[in-house]
Structures are given as structure tokens and as C-alpha cells.
Amino acid sequence: MRFLLAVIALLGSTNSVTAFAPINHHHHPTQQINTALAAKGGKLSVRPIGIGSCAPSTVITNADMEAVHDTSDEWIRTRTGIEQRRVLVHEGTRKIIGTDGEETETPETLRTLGIEAAKNALEMAGKSPSDIDLVICATSSPDDLFGDAPSIASAIGIEAGKCVAFDLTAACSGFLFGIVTASQFLTNGASQNALVLGADALTRWVDWDDRNSCILFGDGAGAMVLTRSDENEGLTGSEDGFGILGYAMHSNGAGYKDLNCIYKGEPKKISTPGEGTVVEDGSYDSMGMNGRKVYSFATREVPTVLEEALEQAGISVDEVDHLLLHQANIRIMETVASRLGMPMEKVITNLNKYGNTSAASIPLALDEAVRSGRVKKGDVIACAGFGAGLSWGAAILKWG
């Protein structure tokens, strides 16, 4: 259903969707042919008008990790750019201030982080829950296997039956894929205002006994409000109503083995007639990652997909005010910026404070940049996400 809704949105707009199947004249009939998918397009009549985020209250620093593994703050910082990460803990709680001004304790889960991020984004956008008619939650680690978007929509006050809400899974590319998907619904006229969340809790799925992977990840949630731009409605000066100037998205399942979290069922025998039936109790293994191959993939594909999106937008690198990448590793950001010919001063990053928060990383970083005044209305932001799938994509945003 998640994929079907996204495809319906893409097919209803002016995009190109392409499947690349390399020809193999010598493959065995049972051998799988690698298939790569791509979608790209130009200007979309939407505007990003609000951003919000929320991170867990528990902080684990690099110094803390020194007590867990044979590692050091200097080793982690120089190789990743990470100094600390926020994590959801077992039966964790956070303090919130209610509408009556009273402070209360509430469970801290991925869903509650998403709720707070969504409220913050709505407040910045000047929109009420009743204005929202589409909610997409990009996540690979929901609290509810069936999806968190409907319950988040309800929790922030969206009336039942007034909104469609669904989850979208594209790992660390999820938020970028989510805003492009939402923009199709808005541009097609199916929706007027969309709330797109990126939320992940991958610390639940890392192997904490593996020092090379557990140091990388943190948890968090971010949210963006997108509104449809009707031609000339409320626009002044140089505004043209286009908040997404161009985009390009790719996936290639041949690389799934390099970054995954595989289903791992445990046998359970039930007493059906005869010898019984062995079914499975569901669970997942720890996340697996080939760090060298993922690094090579990211530094190779991300500059290219950004150039594709810029071409769709009809602008040059020099016209970009900010570069905002999925916050995975500072070395990846440095390499991508260098290959694009952009100075690091234009790169938005808060990786040092949060680690790799998967689908949450782009909105977490953008929220800080907007609220600090670094990103201003009209600024052009080149965004790129990349991760498991393998998936990667870019979008050129004009803020506000």
C-alpha cells in the first residue's frame, strides 16, 4: 500500500519514471537480473513553510562509549564527525509542558518524538491540524509495525476521516522521498497541505557489541509542512510559488546486501492435527552494514544525483545557498561538497550532536538552521538522502 500510493502520486504528475534492466545474454533462467529504478522532474507548485524536530532526552557521548568499547572520542570524531548521539531508552520518559502550563512526564517513544516534531512544524507554518489533509511518516523503525502516521495524525488533533496518513519506507532516503511524494499529491490537487515526518530509532536495531556500527547511530524525528501554491495566490516580488525546483530519485536492490536489517523468525510449533505445524515468532536481526561499500556508494552517487536535480531545476551549483545531506559521516559530506565545487561553509550539519538519525537527519538539521536564522526565506537548498535499499535522491528546495 505504501508503494502503491507513492506510485499513484508520481504517475499523476509530470515526471519521468524509468526502470533500467541491464541485459544479460548469459544469465541462467533462475538468476536474478539487477534492476535499477529512477524518477525525476522539475518545478513543483509547493512551498515548504514549517519545520520542526525532536530528539530523545538521553545523550550518549563518545566518552561514554569509551567505557563500552576499546575506542576513544578522538578516534570516533576524526573518522565520523560524531561527538554524541541521542537515544531512546527502555521505558524512557520526557517532561512536557501541557496547555495548562503544568509539567508532566510522558513516555518517550519514536511516536511521541514524531508528535512533538509535527506540532513544532505546524506552529512555525501557522497551520492548525484541521488544515492538514495528508500525513506521510518516513521511517524504517516505527513503534507500530503497521505504521505510525495515522496515530500521529490523530494525536496532533487531525479529525478522523479528514486526512490520509501512511508510512513510507526508504531508510535514510525516506524524508527526501517523502517530501517529493507529498509534493505530487499537492501539485495534482489531491491535497492542499501536507505534513511529512522523518523519524527513526535505529539504535534499537544496531549491534551494540560492534564498535564500528553502534557509534554511528542516534534516534530522532523531524517534520515539514508543505503547502500547495496556486498560481499568483499571495505571492509578491520575485516569488513564483515553486518550492521544489527539481528532483531526482534512484534505487538499486542489487546493493541491499550492503546495508540491511533482515527478518529473523524463531520457530514456534502449534498443535494442529497430526504432527503439528511449525510457524514463526517474528523478529529482526541486528542491522548489517558493509561500511566501505556504503561509503563508496555514497561518495560516487550523491554528487551525481545532486547534479541531476540541479539540471532539472535549471540552476547551477553557484546559485545554491546551502548544501544539506543526510547526516551519515562528515567525510562523506566533505567529499560530496568537494566534488560539487562547494565550500564547506555552505554545508548544513549537526551530525556532531545527533549522529546518524536515518530519515530524521535532514529535517533535524534543517530545523536548527531555520530557527537559528542561517536559512532564510528564499534561500535555495540542495538536499540529498542516501541509504539502504540501496536508495538515493536529491531535491532542490526554495525555503518559505
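Okay, quick definition before anything else: when I say buried, I mean a residue with under 20% relative accessible area. And keep in mind that what's on the screen is a predicted model.

With that cut-off, 48% of the 400 residues in this protein are buried. The secondary structure comes to eleven helices and 20 strands. The accessible surface is about 18500 Å², and carbon and sulfur atoms own 50% of that. Also, if you take contacts between residues at least 6 apart in sequence, 73% of them join residues at least 24 apart.

So, the inside. In soluble globular proteins, nonpolar side chains tend to be buried together. Here the largest nonpolar core has 45 residues, and the ones touching the most other members are Val302, Leu306, Leu323, Leu325, Val336, Phe386 and Ile396. Several elements each put in at least two residues, among them β12, α9, β19 and β20. Which element gives the largest share of this core? That's α8, with nine residues.

Have a look at Leu306. Skipping residues up to four places away in sequence, Leu306 touches Leu323, Leu325, Val336, Leu340, Ala382, Cys383, Ala384 and Ala394. There's also a second, separate core of 37 residues, including Met249, Ile381, Leu397 and Trp399.

Is Ser183 buried or exposed? Buried, because its relative accessibility is 0%. A polar atom of the Ser183 side chain lies 2.7 Å from the backbone oxygen of Ile179. And leaving out neighbours within four places in sequence, Ser183 contacts Leu44, Val46, Leu226 and Ile244.

Tyr263 sits in the loop between β13 and β14, 21 residues from Tyr284. Put together, ring pairs link Trp205, Tyr263 and Tyr284 into a cluster. What about accessibility? Trp205 is partly exposed at 28%, Tyr284 is partly exposed at 39%, and Tyr263 is partly exposed at 41%.

One more ring before I stop: the charged end of Arg211 sits over the ring of Trp75, 4.9 Å from its centre.

Notes
Residues numbered from 1 in each chain as written. Predicted model: local features only at pLDDT ≥ 70, side-chain atom pairs only at ≥ 80, totals over all residues. Heavy atoms only, no water. Buried < 20%, exposed > 50% of the residue type's maximum accessible area, 1.4 Å probe, protein only. Polar contact = N/O pair within 3.5 Å; in protein donor to acceptor, adjacent residues only side chain to side chain. Contact = heavy atoms within 4.5 Å. Core = buried A, V, L, I, M, F, W, Y, C linked by side-chain atoms within 4.5 Å. Helix = DSSP H or I, 4+ residues; strand = E, 2+ residues; numbered from the N terminus. Areas by Shrake-Rupley, 256 points an atom, 1.4 Å probe, with all protein chains shown as cover. Phe/Tyr/Trp six-rings, centres within 6.5 Å; stacked < 30°, edge-to-face > 60°. Lys NZ or Arg CZ within 6 Å of the ring centre and 35° of its normal.
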